[in-house]
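Welcome! Please take a moment with the sequence and the 3D view below, and then read on for a short tour.

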Amino acid sequence: MSKKADDAKQIAALPVRWDKNGNIRVLMVTSRDTGRWVMPKGWLMDGKKPWRAAEIEALEEAGAAGFISHQPIGKYRYTKRLNERKTVNCVVTVYPLVVEKLKSRWKERKQRKRHWFSPKKAAELVAEPELVEILRTLSIRSERLDTIENMRKAS
């Protein structure tokens, strides 16, 4: 992915858990505008490390709380629509979050739906090619899981 100087920077949490069979699952939320499935994401926050901002977004948008990695799992690019006429190109840094608890009441619960998917199904639901690749390789490339697995074992 080539980076342009005028690209806006965003962060995202990739909330994950392991089901009873040991398979990894990805928590996705619906966007507020179009209702399509996305990861919890947002803008960098003044005074907060990027992974901490991603952790806050996961809590606000999905009600997901747990351990977040300080190391990103990847980056992807997309075009964000600001209004009917204006867009901005964004580069999103993705931080894995091992979910320990899903809150029944969270900030955006009336604006979004949430659902657990397999990485393969999650990859089918998103439009951004680089995010598709992050999700597809999540279940098949062990080096992508190292950070997440270490966090899971430590919890």
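## A first stop: A62

Leaving aside residues up to four places away in sequence, A62 touches L27, V29, P40, E57, L102, W106 and R114, where contact means heavy atoms within 4.5 Å. Before going on, note that this is a predicted model, in which local features need pLDDT of at least 70, side-chain atom pairs count only at pLDDT 80 or more, and totals for chains, interfaces and linings use all residues. Residues are numbered from 1 along each chain as its sequence is written, and side-chain values use heavy atoms, with hydrogens and water left out.

**More on A62**

- A62 belongs to helix α1, which covers residues 50-62; helices (H or I, at least four residues) and strands (E, at least two) are DSSP runs, numbered from the N terminus.
- The relative accessible area of A62 is 0%, so A62 is buried; buried means under 20% relative accessible area, exposed over 50%, and partly exposed in between (1.4 Å probe, protein chains only).
- A62 and H115 are 53 residues apart along the chain, and their C-alpha atoms are separated by 9.1 Å.

**Two other buried residues**

- Q10 sits in strand β1, residues 8-18, and is buried with a relative accessible area of 3%.
- Not counting residues up to four places away in sequence, Q10 touches K41, G42, W43, Y78, K80, C90, V91, V92 and T93.
- P119 is part of helix α2, residues 119-125, and its relative accessible area of 4% makes this residue buried.

**Salt bridges**

- Side chains of opposite charge can pair when their charged atoms come close.
- The count comes to eight salt bridges, each being a side-chain nitrogen of Lys or Arg within 4 Å of a carboxyl oxygen of Asp or Glu.
- One of them joins the side chains of E108 and R32, at 3.9 Å from N to O.
- This pair links distant parts of the chain, 76 residues apart: E108 is in the loop between β7 (87-102) and β8 (114-117), and R32 is in the loop between β2 (24-30) and β3 (37-38).
- Are the two partners buried or exposed? E108 counts as buried at 7% relative accessibility, whereas R32 is exposed at 52%.
- R32 and E108 also belong to a network of salt bridges that links them with E61 and R112.
- Within helix α1, R52 and E55 lie three residues apart, about one turn of the helix, and they form a salt bridge whose closest N and O atoms are 2.8 Å apart.
- R52 is partly exposed, with a relative accessible area of 37%.
- In helix α2, K121 and E124 are three residues apart, so about one helical turn separates them; the closest N and O atoms of their salt bridge are 3.7 Å apart.
- K121 counts as partly exposed at 37% relative accessibility.

**Aromatic pairs**

- How many aromatic pairs are there? The count comes to two, using rings of Phe, Tyr and Trp (its six-membered ring) whose centres lie within 6.5 Å; planes under 30 degrees apart count as stacked, over 60 as edge-to-face and the rest as tilted.
- W37 and F117 form an edge-to-face pair, with 5.1 Å from centre to centre and 75 degrees between the planes.
- Because W37 lies in strand β3 and F117 in strand β8, this pair ties together parts that are 80 residues apart in sequence.
- F117 counts as buried, at 10% relative accessibility.
- The ring centres of Y76 and Y78 are 6.2 Å apart and their planes are at 40 degrees, so this pair is tilted.
- Y76 is buried, with a relative accessible area of 2%, and Y78 is buried too, at 10%.

**The largest cavity**

- Which residues line the largest cavity? The lining is made up of W37, V38, M39, K41, Y76, V126, E128 and L131.

How values were computed:
1 Å grid on protein atoms, 1.4 Å probe; cavity = no way out; pocket = protein on both sides within 12 Å on 5 of 7 lines; lining within 4 Å.
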